[in-house]
Amino acid sequence: MDIMLFHSAHGLRPAVPAAAGRLRAAGHRVWTPDLFDGRVHSSEEEGRAYQDEVGVDELLRRAIAAAAPHSERGLVYAGFSLGAAVAQNLALGDVRARGLLLLHGTSDIAEHAYAQDLPVQLHVADPDPFEPHDWLTAWYLRMGRAGADVEVHRYPGAGHLYTDPGLPDHDEEAAGRTWRVALGFLETLEEPADPA
């Protein structure tokens, strides 16, 4: 599969290319665009401050520009936290999207969003201060109404960005389980047909 993988508010940390390497080793083609122009942040707060400075519209513009050259055959959109929110927005706006893999984050859903039969998998800490239970319940219901086929995997006791080994949130067991399940999910997605 062709996968567009977006980084978190921490920026393009080493964990992102490492995740891309894991996906490539499983046979996928992966791109990891840098939406922060090389800036990497040591804390979530710093990253969110920079995100606010750049603005959501500009981040989405950068993400769309990065995805556009690769989207013709259909992409799987994926991301970490902020990057998951970006991935969700792009997947719901792309009729050719093949799947959506959300790690540690979600985004608001427009009232008339359409994602008929879009395979979606979410991995999230439980509890997660950025993804509270009430929010996730509403998100799940709205994705279902949009037509998406959604799986949610929760990891009790893990920190928010538990897949990043360089952050205090890291939880090796939860991260290992996440990647096993996520790789299985990607194997179920239908490869695009080669053009005749």
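The largest nonpolar core holds 35 residues, among which Phe-6, Tyr-77, Leu-100, Val-120 and Met-143 touch the most other members. Such a core is a set of buried Ala, Val, Leu, Ile, Met, Phe, Trp, Tyr and Cys residues joined through side-chain atoms within 4.5 Å, where buried means under 20% relative accessible area, exposed over 50% and partly exposed in between, with a 1.4 Å probe and protein chains only. Among the elements that give two or more residues to this core are strand S1 (2-6), helix H4 (82-92) and helix H5 (133-145), and H4 supplies the largest share, seven residues. Helices (H or I, at least four residues) and strands (E, at least two) are DSSP runs numbered from the N terminus. A second, separate core of 21 residues includes Ala-20, Ala-78, Trp-179 and Phe-185.

The model is predicted, with local features requiring pLDDT of at least 70 and side-chain atom pairs pLDDT 80 or more, while totals for chains, interfaces and linings use all residues. Residues are numbered from 1 along each chain as its sequence is written, and side-chain values use heavy atoms, with hydrogens and water left out.

Asp-164 lies in the loop between strand S6 (149-156) and helix H6 (172-188), and counts as buried because its relative accessibility is 8%. The table gives distances from its side chain.

| Side chain | Partner | Distance |
|---|---|---|
| Asp-164 | Arg-13, side chain | 2.7 Å |

Definitions and conventions: A polar contact is a pair of N or O atoms within 3.5 Å; within protein, one must be able to donate a hydrogen and the other to accept it, and residues adjacent in sequence count only if both atoms are side-chain atoms.
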